[in-house]
Amino acid sequence: MEEDSSMRRQKKCRYCGEWYTPYPQTYRRQKACSNPECQARRSREAAHRWHQKNPAYDDGRQAYVKKWRKEHPRNWPQYRAEHAESTKRNRAQQRGRDRKRRFLAKQHDSDSVHLEKLKRIRRFGDLAKQHNSDVAVLRQTEEICRYLACHFAACKTKR
């Protein structure tokens with residue numbers, strides 16, 4: 001039985017689970033259908049991944065925003081009174097974000113988990129040294145420890 005070429009190219013959307021025909025140019029990379037909700041979610045996840053890889057990107061932004069707000073004052077109570085509907089919606093959205101944040105692990109708990117993982121990797125390197133193991137393994141564990149320590153320090157400064 002012969003398969004239709006369009007059926008062969010169908011993929012399942014990572015977000016809604018529906019089958020779709022991807023663009024031929026991006027067939028291998030495309031993970032989401034053209035549904036606006038799926039595209040928005042894909043875009044949010046991509047932005048999140050980018051910010052995870054570039055944690056220092058927004059470091060100077062807070063000072064810039066503070067300076068801009070000082071130079072461009074706005075009467076916030078008056079603005080909120082004039083835009084009551086958007087203020088109400090924003091507060092509801094913020095409550096939802098706060099609710100989600102409550103269930104995340106406490107920061108000091110995640111710090112201890114991270115430090116414990118670093119200790120395990122170092123122990124692995126120590127074991128390799130005791131058994132006169134390959135130099136490449138030692139170098140790799142040292143590199144991993146250095147990378148994780150730097151990454152951990154960058155995350156702590158981000159808070």
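Is Tyr 79 buried, partly exposed or exposed? In this predicted model, Tyr 79 has a relative accessibility of 27% and counts as partly exposed.

The protein contains seven helices and two strands. Along the sequence these elements follow the order α-β-β-α-α-α-α-α-α. Of the 159 residues in the protein, 12% are buried. The accessible surface amounts to about 14200 Å², and 53% of this area comes from carbon and sulfur atoms. Where contacts join residues at least 6 apart in sequence, 27% of them link residues at least 24 apart.

Two aromatic pairs were found. One of them joins Trp 50 and Tyr 57 in an edge-to-face arrangement, with 4.9 Å between the ring centres and 80 degrees between the planes. Trp 50 is partly exposed at a relative accessible area of 38%, whereas Tyr 57 is exposed at 56%. Trp 76 and Tyr 79 also form an edge-to-face pair, with the centres 5.6 Å apart and the planes at 80 degrees. Both residues belong to helix 4, which spans residues 76–82. Because Trp 76 and Tyr 79 are three residues apart in this helix, about one helical turn separates them. Trp 76 is partly exposed, with a relative accessibility of 38%, and Tyr 79, at 27%, is likewise classed as partly exposed.

The charged end of Arg 9 sits over the ring of Tyr 27 at 5.8 Å from the ring centre. Lys 11 lies over the face of Tyr 27 as well, at 5.0 Å from the centre of the ring.

The cysteines were examined next. A disulfide is a covalent bond between the sulfur atoms of two cysteines. The search of the whole structure returned zero disulfides. For Cys 13, which is in no disulfide, the nearest cysteine sulfur is that of Cys 38, at 3.6 Å. Cys 13 is buried, with a relative accessibility of 4%. Cys 38 is also buried, with a relative accessible area of 4%.

Terms used:
Residues are numbered from 1 along each chain as its sequence is written. This is a predicted model: local features need pLDDT of at least 70, side-chain atom pairs count only at pLDDT 80 or more; totals for chains, interfaces and linings use all residues. Side-chain values use heavy atoms; hydrogens and water are left out. Helices (H or I, at least four residues) and strands (E, at least two) are DSSP runs, numbered from the N terminus. Buried means under 20% relative accessible area, exposed over 50%, partly exposed in between (1.4 Å probe, protein chains only). Contact means heavy atoms within 4.5 Å. Accessible areas come from the Shrake-Rupley method with a 1.4 Å probe; for residues, only the protein chains shown count as cover. Rings of Phe, Tyr and Trp (its six-membered ring) pair if their centres lie within 6.5 Å; planes under 30 degrees apart count as stacked, over 60 as edge-to-face and the rest as tilted. A charge sits over a ring if NZ of Lys or CZ of Arg is within 6 Å of the ring centre and within 35 degrees of the ring normal. A disulfide is a pair of cysteine sulfur atoms within 2.5 Å.
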